[in-house]
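I opened my notebook to look up charges in this structure. Here is what I wrote down, entry by entry.

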Amino acid sequence: MIKIVSFKICPFVQRVTAALETKKIPYEIEYISLKDKPQWFLDMSPNGQVPVLITENNTALFESDAIIEYIEDEFGPIEANVTNEQRAMDRAWSYLGSKHYLAQCGTMSSKDKATFEERTEKLFKAFEKVETQLSGTTMFFKSNQLSNVDIAWLPLLHRANIVKQHTGFDFLCGLPKAQAWQNNVLATGLAEKTVSDDFEALFTDFYLTNTYLGGNEAEEKVACGTSSCCG
């Protein structure tokens with residue numbers, strides 16, 4: 001059976017587990033602490049980062065983009081009859097999502113208002129690009145069927161939803177098509193299947209404690225996050 005080596009709140013890992021869950025591929029998962037990485041993990045991960053996927057042949061694969069491509073090559077694509085041109089477009093939009101994982105983490109980790117607002121502005125531009133791409137007539141990014149693009153953006157949408165639920169601040173404020181897309185993706189239940197049972201508690205403890213989002217400026221943040229443009 002495939003094995004995933006993971007850190008519990010890593011968005012890159014969630015993208016991989018989402019691909020496996022969508023394809024209904026059995027896997028086991030082992031969580032490690034990034035503050036105390038075991039030697040066996042360092043021996044198999046050249047960059048010392050998660051995720052690592054260990055194949056049934058005991059080959060350790062690293063880098064989430066490469067792992068996603070392996071899953072598609074080995075077990076077949078999520079969507080049938082996708083042209084090479086469309087596949088390239090899907091990979092480009094997926095990359096646009098995954099390259100903002102760390103940007104979102106940095107934004108949520110901001111310790112003061114000025115830093116938070118500066119980082120939020122940059123992150124918001126990525127969601128604005130999605131807003132212009134979404135048709136508003138389909139459930140998901142391209143159609144009514146999940147695609148690799150939806151899976152790539154799932155960690156961003158999931159974390160943005162948790163932030164909104166706990167603080168009232170909405171990273172998708174003023175983007176109605178992106179908000180609808182977020183709701184549809186989360187309604188599949190895929191987010192909960194792709195993280196540990198204690199994910200939300202660990203996430204809020206890490207990002208919503210001793211940060212600007214978790215500070216005493218709640219009224220100001222909620223006023224922005226729950227304005228009429230953020231239904």
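Before anything else, I noted that a residue is called buried under 20% relative accessible area, exposed over 50%, and partly exposed in between (1.4 Å probe, protein chains only). I also noted that this is a predicted model, where local features need pLDDT of at least 70, side-chain atom pairs count only at pLDDT 80 or more, and totals for chains, interfaces and linings use all residues. Residues are numbered from 1 along each chain as its sequence is written, and side-chain values use heavy atoms, with hydrogens and water left out.

**Entry: salt bridges**

I looked up how many salt bridges the structure holds, and found 8. The term stands for a side-chain nitrogen of Lys or Arg within 4 Å of a carboxyl oxygen of Asp or Glu. Side chains of opposite charge can pair when their charged atoms come close.

**Entry: K3 and E30**

I found a salt bridge between K3 and E30, with the closest N and O atoms 2.6 Å apart. K3 sits in strand β1 (residues 2-6) and E30 in strand β2 (residues 27-31), so this pair ties together parts that are 27 residues apart in sequence. Helices (H or I, at least four residues) and strands (E, at least two) are DSSP runs, numbered from the N terminus. I checked the cover too: K3 is partly exposed at 21% relative accessible area, and E30 is partly exposed at 28%.

**Entry: D65 and R15**

Next I looked at D65 and R15, whose side chains form a salt bridge at 2.7 Å, N to O. This pair links distant parts of the chain, with D65 in helix α3 and R15 in helix α1 (residues 11-22), 50 residues apart. Is R15 buried or exposed? I found R15 buried, at 5% relative accessibility, whereas D65 is partly exposed at 34%.

**Entry: R91 and E72**

I then turned to the salt bridge of R91 and E72, at 3.4 Å from N to O. R91 belongs to helix α4 (residues 84-98) and E72 to helix α3, 19 residues apart. R91 is partly exposed at 37%, while E72 is buried at 14%. Shared partners join E72, R87 and R91 into one network of salt bridges.

**Entry: a charged patch**

Last, I found E56, E69, D73 and E74 gathered in a surface patch of negative charge. Such a patch takes residues with over 30% relative accessible area and no salt bridge, like charges being joined within 9 Å. Asp and Glu count as negative, and the place of a charge is CG of Asp or CD of Glu. I placed E74 in helix α3 (residues 64-75).

Note on methods:
Patches are made of residues with over 30% relative accessible area and no salt bridge: like charges are joined within 9 Å, nonpolar side chains (Val, Leu, Ile, Met, Phe, Trp, Tyr) within 5 Å. Accessible areas come from the Shrake-Rupley method with a 1.4 Å probe; for residues, only the protein chains shown count as cover.
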